[in-house]
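Please take me through this structure step by step, as if I had it open in a viewer, and tell me what to select next and what is to be found there.

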Amino acid sequence: MEKMTLLYGTGNAGKLALMKRYLADMENLEIIGLKDLPNAWEEPKESGKDPLENARQKALCYYRTCHMPVFSEDSGLFIEGLSDEEQPGGHVRRVGGKNLTDEEMRAHYKGIAQRFGGKCTAQYRNAICLVFSEEEVYTGQEEDLNWEKFYLTTDERPQKVEGFPLDAISVYRKSGRHFYDDGQECGVEEDGSGVVRFFQAALEAHEKRKTDLNAEKRFGAAEEKRE
């Protein structure tokens, strides 16, 4: 496959770096972010009922602006013990009709952890959408795209990583250690295998589609000559 550039529909430097790390072994791909292009980007509306709908809305919005292959992700935060009405879902930052700052987010979720005795079990459930054209859209929300379950706690650490505001109050379930223990600054996440699987499958389908379309064009040209 020829070298391909994909636009990741995010201006978040942390998320862009993480995606580049996941796809580093796919040498035929170059991943760029919104800040790598000169466009004046408007924030897409996210009115979907779940992360997959939001990812699709964002990817199509960016595609219609830049007219190049683009993908977007969206995550929903789910906390065990909360009612369906209370679940953050795809609105992790938006609470009570207000978009929270990073500090306000940590205070809000520390409050939820306090309700459960100082910690609660949470999980990010992720979805992704890759758009090559209005007619060629690939989506994924399989289990291997989700991050491992972890604890949100009332214990806040001073370290802060751009793009991951809740890592400062998060703890690994298996070890009980904070995300930032031992100087580490990477939170709980999927190992990237689900992301790689998605892109490999989508790109294979894309190449097959191109091959089939080219074969149809050659067949049509041959039929015209016969006539």
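Begin by selecting Phe150, which in this predicted model is buried, because its relative accessible area is 0%, and the cut-off for buried is under 20%.

Phe150 belongs to strand 8, whereas Phe179 sits in the loop between strand 9 (170-172) and helix 4 (193-226), so the pair ties together parts that are 29 residues apart in sequence.

For another aromatic pair, select Phe198 and Phe199, whose rings are edge-to-face, 5.3 Å centre to centre and with 85° between the planes. Phe198 counts as buried at 4% relative accessibility, and Phe199 likewise counts as buried, at 0%.

Charged side chains over rings come next. Select Lys119 and Tyr151 to see the lysine lying over the face of the tyrosine, at 4.2 Å from the ring centre, and then select Arg125 and Phe78, where the charged end of the arginine sits over the ring, 4.3 Å from its centre.

From there, move to Asn146, which is found in the loop between strand 7 (136-140) and strand 8 (150-153). Asn146 counts as buried, because its relative accessibility is 12%, and its side chain reaches the backbone nitrogen of Asn126 at 3.0 Å.

Finish at the largest pocket, which has a volume of about 1300 Å³. To find it, select Lys15, Glu46, Lys58, Asp74 and Arg93, which of the 39 lining residues lie nearest the centre of the pocket. The elements that give two or more residues to this lining are helix 1 (13-22), helix 2 (51-66), strand 3 (70-79), helix 3 (102-115) and strand 6 (119-133), and helix 1 gives the most, with four residues. If you colour the lining of the largest pocket by class, you will find 15 nonpolar, eleven polar and 13 charged residues.

Key: Residues numbered from 1 in each chain as written. Predicted model: local features only at pLDDT ≥ 70, side-chain atom pairs only at ≥ 80, totals over all residues. Heavy atoms only, no water. 1 Å grid on protein atoms, 1.4 Å probe; cavity = no way out; pocket = protein on both sides within 12 Å on 5 of 7 lines; lining within 4 Å. Points joined across faces, edges and corners; volume = space filled by probe spheres on them. Nonpolar A, V, L, I, M, F, W, Y, C, P; charged D, E, K, R; others polar. Buried < 20%, exposed > 50% of the residue type's maximum accessible area, 1.4 Å probe, protein only. Polar contact = N/O pair within 3.5 Å; in protein donor to acceptor, adjacent residues only side chain to side chain. Phe/Tyr/Trp six-rings, centres within 6.5 Å; stacked < 30°, edge-to-face > 60°. Lys NZ or Arg CZ within 6 Å of the ring centre and 35° of its normal.
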